[in-house]
Amino acid sequence: MKKLCWLQMKQKPFNQSVGSFRRISLITVLAVYFLILVGGVVRSTGSGMGCPDWPKCFGSLVPPTSVDQLPSDYQDIYLEKRLAKNDRFVAQLESLGFSKKAEEIRNDKSILVEEEFNPVKTWIEYLNRLVGAVIGLLILITMIRSFPLWKVDKVIPALAVFNLLLVLFQAWIGSIVVSTNLLPWMITLHMVLALLIVCLLIYLYYRANRLVKDRLEVTDNPSYLFNVLLAGFILMIGQVILGTQVREAVDQVAFQFGGLVRSEWVDNLGISFLIHRSYSLLILFIHVYFVYRIYKLTLRNSVLFKLTQLLVVVLMVEILSGVGMAYFAIPAFLQPIHLLFGSLLIGIQFLLLLKLSDQKQLLSVKLSS
């Protein structure tokens with residue numbers, strides 16, 4: 001009896017540490033998704049260059065509200081600062097052997113365009129950066145809360161440290177996005193890194209969850225389900241990358257039309273939009289087939305089945321928002337929704353893949369025993 005009480009007392013601090021880590025990692029996942037939504041608002045409102053410098057905004061921790069608060073030659077001042085930063089970035093690319101890409105940036109005339117001050121766009125971008133700063137703090141706390149788990153699972157704190165380093169790299173990429181005046185491929189890289197950070201956080205939460213909860217569910221043919229969903233996951237990542245390219249095409253068309261005649265934008269988006277639209281049918285087919293197999297092979301009260309139901313809802317919203325943009329002249333309010341639900345879809349897919357991977361291991365153990 002005494003030994004049992006001692007074990008329970010010893011287990012309590014561990015459970016508290018795991019519970020604390022799970023809470024902060026889950027909060028951080030939700031916060032990153034909120035940041036993706038805010039980033040979508042920044043893009044849909046054309047506020048990406050609302051602050052011409054980084055990390056400050058017009059050289060201040062609190063941006064101006066009127067052009068009268070800026071010097072008369074503010075555009076020349078911040079263009080010079082951005083070009084100086086670009087020169088350093090180009091030199092870094094050349095030192096790493098990316099001479100061709102460095103030359104492309106050096107000769108890109110769009111970088112020389114300096115936007116006029118717009119208080120609404122400036123404050124939208126500023127709020128985006130404030131949310132990003134909060135995310136950075138949450139990532140730091142997640143790392144700190146992971147250290148007590150070192151004795152039982154060294155992977156969790158190791159990945160938490162790596163995730164913090166990845167966030168710092170993401171912040172640096174964000175500064176380059178600003179200095180290169182929203183260079184298209186930099187925006188794509190920025191988005192891919194955001195999804196990688198989300199998936200890492202989901203994995204950290206899931207791995208910590210396994211420390212205190214048994215993996216009791218067993219699914220029929222989990223290897224087959226895993227492979228089907230893995231194909232859908234890879235295709236969805238490709239679709240997101242295609243989507244960022246369509247978004248870049250939208251920016252170019254909007255600039256050509258001076259932000260007017262939105263009804264003509266879709267017809268001028270080119271091949272990237274057509275591929276993106278057709279590609280979505282393949283993704284829909286794979287997910288419908290996956291949902292059908294899950295319905296046949298899993299219990300209705302299982303976590304896998306419930307997550308798949310959520311997957312269906314998110315996928316439908318993602319497709320409908322895409323259809324809405326294609327047929328209703330790309331309304332600005334649908335763009336961040338489309339981006340958010342695409343990112344949510346990847347997160348749910350990844351979580352399902354983790355669950356199915358566990359089921360594969362459980363089934364393997366069951367068959368070998």
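Guide: Buried means under 20% relative accessible area, exposed means over 50%, and partly exposed lies in between, with a 1.4 Å probe and protein chains only. This is a predicted model, in which local features need pLDDT of at least 70 and side-chain atom pairs count only at pLDDT 80 or more, while totals for chains, interfaces and linings use all residues. Residues are numbered from 1 along each chain as its sequence is written, and side-chain values use heavy atoms, leaving out hydrogens and water.

Visitor: Is Tyr126 buried or exposed, and why?
Guide: Tyr126 is buried, because its relative accessible area is 13%. Trp123, at 29% relative accessibility, counts as partly exposed.

Visitor: Where do Trp123 and Tyr126 lie?
Guide: Both are in helix α4, three residues apart, which is about one turn of the helix. Helices are DSSP runs of H or I with at least four residues, strands are runs of E with at least two, and both are numbered from the N terminus.

Visitor: How many aromatic pairs are found in the whole structure?
Guide: The search finds nine. Rings of Phe, Tyr and Trp (its six-membered ring) pair if their centres lie within 6.5 Å; planes under 30 degrees apart are stacked, over 60 edge-to-face, and the rest tilted. Trp123 and Tyr126 form an edge-to-face pair, with 5.1 Å from centre to centre and 75 degrees between the planes. There is also one aromatic cluster, formed by Phe58, Tyr74, Tyr78 and Phe117.

Visitor: Now the inside. Which residues touch the most other members of the largest nonpolar core?
Guide: They are Tyr33, Ile202, Phe290, Ile346, Phe350, Leu352 and Leu356, in a core of 72 residues. Such a core is a set of buried Ala, Val, Leu, Ile, Met, Phe, Trp, Tyr and Cys residues joined through side-chain atoms within 4.5 Å. Helix α6 (residues 184-210) gives the largest share, 15 residues. Apart from this core lies another of 13 residues, including Val250 and Phe273.

Visitor: What does Ile346 touch?
Guide: Leaving aside residues up to four places away in sequence, Ile346 touches Leu195, Cys199, Phe233, Met236, Ile237 and Val240. Contact here means heavy atoms within 4.5 Å.
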